[in-house]
Amino acid sequence: MIMVSKDKVHLLYNETDAEMSAARPSCYRKVSRFKKLGCIFIVVVAILLITPACLSGRLCWHEQSCYLPTVSVQESSMVCKKLKDGRPVKKFPEALIIGVRKAGTGAMRFYLDMHPYVEIASAEINFFDFEYENGYEWYKNQLPMALPGQLTMEKTSNYFHNKKTVDRIYNMSSNMKLIVVVREPVERTVSDYIQRKLKKSESDDIDYPPFENFVIDSDTGEVDASEKIIKPSIYQKHTVKWLKYFPLENLHFVDGGNLILNPYEEVKKVEQFLGIPHCLTKDKFVFSSTKGFYCIKKNKGRREETKCLPETKGRRHPAVDPEVMRKLKGFFKPYNEKFYRTIGRSFNW
Ligand code: A3P
C-alpha cells in the first residue's frame, strides 16, 4: 500500500518535472555547478582571445564588427603605434576617396594620412579619369609603399562625377571601399567657383564672370543644370550610377559640414567603415582660431606640433545674391530628397 502510494508520488513528481522541463528552454535544464563554471571559463577565455585580435585588425572581416567607439585610450595607444614589421610593398588601393570635389576631400585625406594603418597617396593621381591609358603598373608606381596590415589608399575628387571612372574602378576591384564626402550643395558649388576663379586668374589675366552669371542661364533665368560647377553637386544622379556597380555597403558618405565642425566624429566613422583601429581619437584634433578650422597634433621626435591644411583649403566665400541663392536651394532640393532616399540617410540640407 505504502509502496504503491510512494510510486504514485514518484510518478506524479516525474510527470510534473517532465512537463516543466518541456516548457522551459533547453539551457534551463539542470546543470551541475561544475559545468556552469566550465561554461563561464570558456566564455571569459574566448573574450580574452578575440578582443586583442579584433583590435589589431585581424578579425575585422566586417566593417561594423570591431572598433566600435569603445576603444579606450590605453587600448588605442597599444594598437595605434606606428607599424614597423614586414617588408613595404606597392599594391593597388583597397579604398578610395572618390569625391566630391570641394566638399572636404583634402581634409579627409589629411586626417587619414596620420593613421598608422593607412598609406594614402599625397597628391591626386587622376588614374581612373585622365591617366587610365598609362596602365595598371603605372598606377601602382604612383601609389605609396605599404607594410603588411596597412591599407593603400588614394584620393581623386573628380572620380565621383566622372562618367568613365565607375566601370574602371569596378574592373580593378569589385570590393573597393568608396568614400564620398558630401557638403551642402550650394556651399560646395560656391567653393568650386572660387577654386576655378583663382586657378584661372593665376594663368590668365581675364575678368572672371561673377558667380551669379555662372550658375544662372541668361536665356531662361533659371539654374543652368549643365554648368560644370553645378553638376558635381547633384549627388543623387552620380550615386545612382555608382550603385549600378557597387552595393550600398561599399559606399560611405561623409558629412562634409560635420567634418568641418567635428572632424573626429566623421573620421571615426571612416575608421569603422575601413575596418581599421580607432586611432584618430578626439585628443589628436585641435581647433585653430587663426585658421578657423581643425588641425591635427603630430609628434615630431619628442616635440609635438600642430599641422593644418594649406591656405587653399578653407577660403572665404563671397556673398551670393539672395534671389540666386533661393533658386539654387530650390533647384537642389528635389535631388537632395531623392539622394536621402537612395542612401537611406538624411543630411538636412
Ligand atoms: P572652402 O575652401 O570652400 O571653405 P576639398 O578638399 O574637397 O577641395 O574641400 C575643401 C573644403 O574643405 C574647404 O572648402 C573647407 O570648407 C573644407 N574643410 C574641411 N575641413 C577642413 C579643415 N580642417 N581645414 C580646411 N578646410 C577644411
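Mentor: Start with a term: contact means heavy atoms within 4.5 Å. Helices are DSSP runs of H or I, at least four residues long, numbered from the N terminus. This is a predicted model, where local features need pLDDT of at least 70, side-chain atom pairs count only at pLDDT 80 or more, and totals for chains, interfaces and linings use all residues. Residues are numbered from 1 along each chain as its sequence is written, and side-chain values use heavy atoms, with hydrogens and water left out.

Now the pair. Helix H9 spans residues 235-243, and helix H12 spans residues 322-343. Their axes lie 8 Å apart, at an angle of about 30 degrees. Axes here are lines fitted to C-alpha atoms over the stretch in contact, and angles run from 0 to 180 degrees between N-to-C directions. H9 and H12 are therefore roughly parallel to each other; that label covers angles under 35 degrees.

Which residues meet? H9 brings Tyr-235, Gln-236, Thr-239 and Leu-243. H12 answers with Tyr-335, Lys-338, Phe-339, Thr-342 and Ile-343. The residues of this contact divide into five nonpolar, three polar and one charged. Nonpolar covers Ala, Val, Leu, Ile, Met, Phe, Trp, Tyr, Cys and Pro; charged covers Asp, Glu, Lys and Arg; the others, Gly among them, are polar.

Thr-239 counts as buried because its relative accessibility is 0%; buried means under 20% relative accessible area, with a 1.4 Å probe and protein chains only. Leaving aside neighbours within four places in sequence, Thr-239 is in contact with Phe-160, Phe-253, Phe-339, Thr-342 and Ile-343.

Methods
Helices (H or I, at least four residues) and strands (E, at least two) are DSSP runs, numbered from the N terminus. Angles under 35 degrees count as roughly parallel, over 145 as roughly antiparallel, 65 to 115 as roughly perpendicular and the rest as oblique. Buried means under 20% relative accessible area, exposed over 50%, partly exposed in between (1.4 Å probe, protein chains only).
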